[in-house]
Amino acid sequence: MARETKRQKSKRRSPQPIDPISIGNSIGKKNKITLAFVALGGIVTVIVGVMLAGYSYLNYRFVKAGDSAEPQPIVFTVPRGAGMSRIAADLESQGLIDSAFIFKAVTRLRKVDNTLKAGEYSLDPNGSMEDVFTILSEGKALLYPVTAPEGLTSAQFFKIIASAPNLTGEMPEPVPEGVLLPETYMTPRGMSREALIAKMRSSQSAYIDALWDGRADDLPFKTKREAIILASVVEKETGVNSERGLVAGVFVNRLKRGIRLQSDPTIIYGITKGEKLGRGIRVSEIARKTDWNTYQMDGLPKTPICNPGGAAIAAVLNPMQTDMIFFVTDGSGGHVFSKTNAEHEKYVRALRAREKAAKRAAQQR
């Protein structure tokens, strides 16, 4: 191959000439892109800053205490089905929050705007919007008592519930005797009557379920229903708390020995279904056979004769250990207990003598 000439080598090795205009254009493009990114970053930073400042301001207003001149709590109602816009507007119109817009905005930003619960609430007009939200979202509604006393029948309970002004809705179908637990129930305004009765039923079931496994051994009944029947008789026999265990003990003794309960309230229930008799029991009524008259039947009545309270239920599940078989009223609300029929008859004669003396004294006035 022919050797290259010096001129050819020199020409091949010499660098290409640099175009200053091309280089300038390239650098200019890179600078523009960089400047654009810097400008965009600055805009984003400003936007984020504005948003954070706005959110901080909204939160400041949200947690800031109110400045109402009203010192007393205000009753505020959240209607069922009401949306956030209506609730916020009502709160603002009643002076309970400063701004419906801020209340809605903050709760929506926190994604908790759908947690407010219907009900009637007592709100402090000088509390913060956050305080108001907490009360409404936790459902801390005002509660009203509905008292169902021990010893009433289911029909008598229904009358109380039907007349309770803070309850709503129609009365449900009648329930069996003895399935409701007597106590004072705290109910929100607008609770349905059906819901309260269901709660009373479930409360009794839960109560006896909790005690059942811890019941005394060798009781003369096998089922929870039978325990409720006996508890209803105990409930009607005495209203003295300290006597319930002893009365239960007497009835348990009689059932174990095959002795009839001979409880006067069971006679009355067979006549009036639990309503007051308004007079003494007649001899003919003692002799009348019904599904409840324990003077004329062995064992327990067919059904409870009332709704027994928790103390009576607990008493029959763990009755007092006693030798007593009889008891009679002492004329002052309590009872006199005895082991033998002879002793019992002595107390009965003493009671009748006191009753006659009191009757004569009343006639002489």
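**Notebook: helix packing and a salt bridge**

I looked up confidence in this predicted model: the protein chain has a mean pLDDT (the predictor's confidence in each residue, from 0 to 100) of 86, and 81% of its residues reach 70 or more. I found the lowest confidence in helix α1 (residues 6-13), at a mean of 53, and the highest in α12, at 98. Helices here are DSSP runs of H or I with at least four residues, numbered from the N terminus.

I noted that residues are numbered from 1 along each chain as its sequence is written. In this predicted model, local features need pLDDT of at least 70, side-chain atom pairs count only at pLDDT 80 or more, totals for chains, interfaces and linings use all residues, and side-chain values use heavy atoms, with hydrogens and water left out.

I next examined helix α7 (residues 193-212) and helix α12 (residues 310-317), whose axes come within 11 Å and cross at roughly 30°. Axes are lines fitted to C-alpha atoms over the stretch in contact, with angles from 0 to 180 degrees between N-to-C directions. I therefore recorded α7 as roughly parallel to α12 (angles under 35 degrees). I listed the contact (heavy atoms within 4.5 Å): Gln204, Tyr207, Ile208, Leu211 and Trp212 of α7 meet Gly310, Ala311, Ile313, Ala314 and Leu317 of α12.

I searched the whole structure for salt bridges (a side-chain nitrogen of Lys or Arg within 4 Å of a carboxyl oxygen of Asp or Glu) and found 12. I located lysine 159 in helix α6 (residues 154-163) and glutamate 275 in the loop between α10 (264-272) and α11 (283-287), 116 residues apart.

Key
Helices (H or I, at least four residues) and strands (E, at least two) are DSSP runs, numbered from the N terminus. Angles under 35 degrees count as roughly parallel, over 145 as roughly antiparallel, 65 to 115 as roughly perpendicular and the rest as oblique.
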